[in-house]
Amino acid sequence: ANVGLPALAQAFSAPFPQVQWIVLAYLLAITVCVVGAGRLGDQWGRKRLLLAGIAVFTLGSALCGLAPTLALLIAARAVQGAGAAVMMALSMAFVGDILPKHRTGSAMGLLGTMSAVGTALGPTLGGVLIAALGWRFLFLANLPLGLLGIILVARFLPADRARTSGAGFDVAGTMLLGVTLAAYALAMTLGRGQFGALNIALLLAAVAGVALFLRVETRVPAPLVRLAMLRERGLGAGLAMNALVSTVMMATLVVGPFYLTQALGLGAATAGLVMSVGPLISAVCGVPAGRLVDRLGAARIARLGLAAMVLGAALLA
């Protein structure tokens, strides 16, 4: 969808602050739902929930492709994101279920490679679909893929083991997280680049939401985020690193297509090819990186990867 943003802005006669919500709605839904998806998978059964997640993602894709207005497209993207959150959380959880510990690094490397292959194919395929068939096929192309995913999961993943019901679900924390992230995203996108009183109010609301979320998480019996875990130095640093890396990547993926098509004058298909270069390199490096983690440890390989990202960001600037 990222490479289609310029075409979607033109199709709906919408400015960038509005059209970027096509990406933001998807990411917000993933962020709010991904932790809860892991918890529900433990309670209801991972295979069952993964099948439901793929079905929701496929339904969301259909709604996106049929959306008559930008507002409905954004809402459909949120549905798509909720399904994607389940798929992301449970695909990683299955690695721990199916494989022995000494193969975890290689398995995660392979999972990262397949994710990168998809990310590399997405802009290229998206550019071709826009040029040949129009923006709606960006989303309708997911329908046969979703059906294939459901068939593969049903056929090949192991059946759910009997699980205890465990603690309840943190509804309050999930809702607070969603409202807080939405307030922050609105604060940073409303006003056509001008940061006024409404933006400041929304930003203050987001800060208050973070404080309230932290308070709720210390009091509920089954918190969405166990705050004590964040005090572990390695885990806290790893999560911070992951957030920063994702910020750099998503900023590039959202702004990049506009720069390529409007500043450099490239067509949608060519811009898609250019946007695929980074994910393609990630796909090539994923499996070797996973094997190196198994041999040399995660810290060394993480430092090497971060150094490469710093160099890449400097070259982009």
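Modeller: We will go through aromatic pairs, charges over rings, the nonpolar core, a pocket and a few single residues. This is a predicted model, in which local features need pLDDT of at least 70 and side-chain atom pairs count only at pLDDT 80 or more, while totals for chains, interfaces and linings use all residues. Residues are numbered from 1 along each chain as its sequence is written, and side-chain values use heavy atoms, with hydrogens and water left out.

Biologist: How should I read aromatic pairs, and how many aromatic pairs does the count come to?

Modeller: A pair of aromatic rings is described by the distance of the centres and the angle of the planes. Rings of Phe, Tyr and Trp (its six-membered ring) pair if their centres lie within 6.5 Å, and planes under 30 degrees apart count as stacked, over 60 as edge-to-face and the rest as tilted. By this rule the count here is three aromatic pairs. One of them joins Phe12 and Trp135, which are tilted, with 5.4 Å from centre to centre and 55 degrees between the planes.

Biologist: Where do Phe12 and Trp135 lie in the chain?

Modeller: Helices are DSSP runs (H or I, at least four residues), numbered from the N terminus. Phe12 is in the loop between α1 (5-11) and α2 (16-19), and Trp135 is in the loop between α6 (104-132) and α7 (137-140), so the pair ties together parts that are 123 residues apart in sequence. The rings of Trp135 and Phe139 have centres 6.3 Å apart and planes at 80 degrees, so that pair is edge-to-face.

Biologist: Is Phe12 buried or exposed?

Modeller: Buried means under 20% relative accessible area, exposed over 50%, and partly exposed in between (1.4 Å probe, protein chains only). Phe12 has 19% relative accessibility, so it counts as buried, and Trp135, at 12%, counts as buried too. Phe139 is also buried.

Biologist: Which ring does the charged end of Arg77 sit over?

Modeller: A charge sits over a ring if NZ of Lys or CZ of Arg is within 6 Å of the ring centre and within 35 degrees of the ring normal. The charged end of Arg77 sits over the ring of Tyr26, 4.3 Å from its centre, and Arg155 lies over the face of Phe156, at 5.0 Å from the ring centre.

Biologist: How many residues does the largest nonpolar core have?

Modeller: A nonpolar core is a set of buried Ala, Val, Leu, Ile, Met, Phe, Trp, Tyr and Cys residues joined through side-chain atoms within 4.5 Å. The largest one has 24 residues, and those with the most contacts inside it are Leu5, Leu8, Ile22 and Leu73. At least two residues of this core come from each of α1, α3, α5, α7 and α11 (233-263), and α3 gives the most, with five residues.

Biologist: Which helices supply the lining of the second largest pocket?

Modeller: For the second largest pocket, α3 (21-44), α4 (46-66) and α5 (70-98) each supply at least two residues of the lining, and α3 gives the most, with five residues.
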